[in-house]
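Notebook open, structure loaded. I'm jotting down what I look up as I go.

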Amino acid sequence: MIYDLNIAWSPSTTSERLLQTLSLASSLGYSTVALNHTLELPFPANPTAPFPSHLESSPSRKLPALLRRATLPLDDPAASNYRLQSLVSVYDILAVRPSTEKAFQNACLTLDIPIVSLDLTSHFPFHFRPKSCMAAVARGVRFEICYAQLLAADNRGRANFISNATSIIRATRGRGIIISSEAKTALCLRGPADVINLLSVWGLASDKGLQGLQSVPRSVVVNEGIKRNGFRGVINVLQVASRAVNDTNPASSGDNDNEPSTGTDTGRSGNKSKIQKRKQGEGDGQSMSSRQTKKLKLAARSAGQDGNPIS
C-alpha cells in the first residue's frame with residue numbers, strides 16, 4: 001500500500017477539484033491519502049473537522065481511503081493554547097510545522113506529535129543538527145518532505161528546497177522520512193516511482209524512498225489509531241471467539257474424562273509387570289539354590305564311594 005498523508009485542503013476547495021485530485025491519486029497507485037487542514041491560532045473551544053462529510057465515488061472515478069489530518073503552525077514553544085488532546089479525537093493525524101529553532105527543538109525532543117512537516121522552500125535561520133534529528137527519529141517522530149512545494153516555488157524557493165531536503169536527509173541518514181505531496185490541485189501529483197527517483201538525486205536511497213511511501217507512513221497511521229482506540233495499553237475488542245462445538249459436547253468431554261483412567265491403567269500394568277519380574281527373580285533364586293543342594297549331595301555320594309569320609 002502506498003500512502004500520501006498530505007493532500008492540501010481548505011474551506012475554499014471545491015468538491016469537484018478535490019474529487020479530481022483524489023481520483024488521480026488513486027490512478028497513480030495511492031491507496032490511502034490524508035486531507036490536510038492547516039489550523040490557525042487560537043483554536044476554538046470545541047474543534048470540529050471541517051472536511052466534507054461524504055464524497056461520491058463512481059466506477060469511473062475510484063477514490064482512495066481518506067484520513068483527516070491537521071497541521072499546527074509552531075512559532076513559540078511556550079504557547080499554551082495548543083490543546084493537542086482536544087484535537088486527537090477530531091483528527092486522525094496531527095502534525096506541526098515549526099518555523100523557529102526553539103520550536104523545532106521542542107517538536108523533536110518533547111512534543112507528542114508524530115509528524116514534523118517543514119516548509120522547505122523557506123530559509124531557516126538554523127541548521128538541522130543530526131543529534132536532535134536522530135533523537136526525534138528514535139522517539140518515533142517522522143520528518144515529512146512535500147515535493148509539491150518544489151513545483152509551486154520560484155527559483156529562490158527551489159534552491160532552498162533542495163538545500164533543506166539534502167540537510168534533512170543527511171541529518172537523519174534517510175531514516176524516519178515521510179514523502180508526501182501537499183498537492184493543492186491534481187497537476188501537482190506525481191507517481192511514486194518519479195518521486196523516488198527525484199529524491200534519490202538529493203541523497204535519499206531508493207529503498208528509503210520506498211519506505212517513505214509505504215512502511216513509514218503506515219506506522220504513523222497504525223500508531224495514531226491505537227492511541228485513539230486504546231487506553232493504557234488496552235485496545236478495543238472487536239470480536240470474541242465463540243466456544244468450539246467439541247468443548248460443549250458431553251460425549252467429547254466423556255472421552256476426555258477417560259484419558260486419566262487410561263494413564264492409570266498403564267501405570268497399573270507397569271506395576272504388575274514389575275511385580276511379575278520380581279517374582280521371576282525370586283523363583284530363579286529358589287531354583288538356583290535347589291540346584292546347588294543337588295550338586296552338593298552328588299559330590300558327597302561320590303566322595304563316600306571313593307572311601308574318603310566326609311567330616
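What share of contacts between residues at least 6 apart in sequence join residues at least 24 apart? I get 78% for the protein, with contact meaning heavy atoms within 4.5 Å.

Ground rules before I go further. This is a predicted model, where local features need pLDDT of at least 70 and side-chain atom pairs count only at pLDDT 80 or more, while totals for chains, interfaces and linings use all residues. Residues are numbered from 1 along each chain as its sequence is written, and side-chain values use heavy atoms, leaving out hydrogens and water.

**Overall.** I count 11 helices and seven strands; these are DSSP runs numbered from the N terminus (helices H or I, at least four residues; strands E, at least two). Of the 311 residues, 37% come out as buried, taking buried as under 20% relative accessible area, exposed as over 50% and partly exposed as in between (1.4 Å probe, protein chains only). The accessible surface is about 18,800 Å², and carbon and sulfur atoms own 53% of that (Shrake-Rupley, 1.4 Å probe; for residues, only the protein chains shown count as cover).

**Cysteines.** I looked for disulfides, meaning a pair of cysteine sulfur atoms within 2.5 Å, and the count is zero. Cys 133 is buried at 1% relative accessibility, and Cys 146 is buried at 0%.

I checked its length next.

**Ala 205.** I found this one in the loop between α7 (192-200) and α8 (206-213). At 37% relative accessibility, Ala 205 is partly exposed. Its C-alpha is 9.6 Å from that of Arg 173, 32 residues apart along the chain.

**Largest pocket.** I get about 240 Å³ of space and 13 lining residues, with Phe 126, His 127, Phe 128, Asn 164 and Ser 167 nearest the centre. Which helix gives the most to the lining? Helix α6 (residues 155-172) does, with six residues. For the record, a pocket is an open set of points on a 1 Å grid over the protein atoms alone, where a 1.4 Å probe fits, with protein on both sides within 12 Å along at least five of seven lines; lining residues have an atom within 4 Å of a point. The volume is the space filled by probe spheres set on the points.
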